[in-house]
Amino acid sequence: MLFRSLCIGLIVLVSGCATLNSHPADQLEADTDFAAFARLALDHGVPDQAEEGFRQHLVNHPDDIDAMVGLAHALLDQQRPAEARTLLLRAESQDAEPAD
């Protein structure tokens, strides 16, 4: 329960930082924090919090394959295989596209 409360607090804090800061470097740092938070939540068995973190990260980085795979993992941990499959297919199709 304590970990869950800390996670929620971190999301609120990072969300505030992302909206209050206007410098691009600050936004990049906040985006990285969402991804790091999501991985931490996933590692600690809190997939619903991981889902939220990955989704927040993907708002600004919709092509981040690692985040899509992490989100799929979080969805699988929540017994949501259809949503996970859709994400994994999207990640696979993006991985197959030639780099610019």
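1. Contact here means heavy atoms within 4.5 Å. Gln-94 touches Pro-62, Asp-63, Ile-65 and Met-68, leaving aside residues up to four places away in sequence. This is a predicted model, in which local features need pLDDT of at least 70 and side-chain atom pairs count only at pLDDT 80 or more, while totals for chains, interfaces and linings use all residues. Residues are numbered from 1 along each chain as its sequence is written, and side-chain values use heavy atoms, with hydrogens and water left out.

2. Gln-94 lies in helix H5 (helices are DSSP runs of H or I, at least four residues, numbered from the N terminus). Gln-94 is buried, with a relative accessible area of 16%, because buried means under 20% relative accessible area with a 1.4 Å probe, protein chains only. Its side chain joins that of Asp-63 in a polar contact of 3.0 Å (a pair of N or O atoms within 3.5 Å; within protein, one must be able to donate a hydrogen and the other to accept it, and residues adjacent in sequence count only if both atoms are side-chain atoms).

3. In H4, the buried residues include Met-68, Leu-71, Ala-72 and Leu-75. Leu-87 touches these four residues, not counting residues up to four places away in sequence.

Terms used:
Buried means under 20% relative accessible area, exposed over 50%, partly exposed in between (1.4 Å probe, protein chains only). Helices (H or I, at least four residues) and strands (E, at least two) are DSSP runs, numbered from the N terminus.
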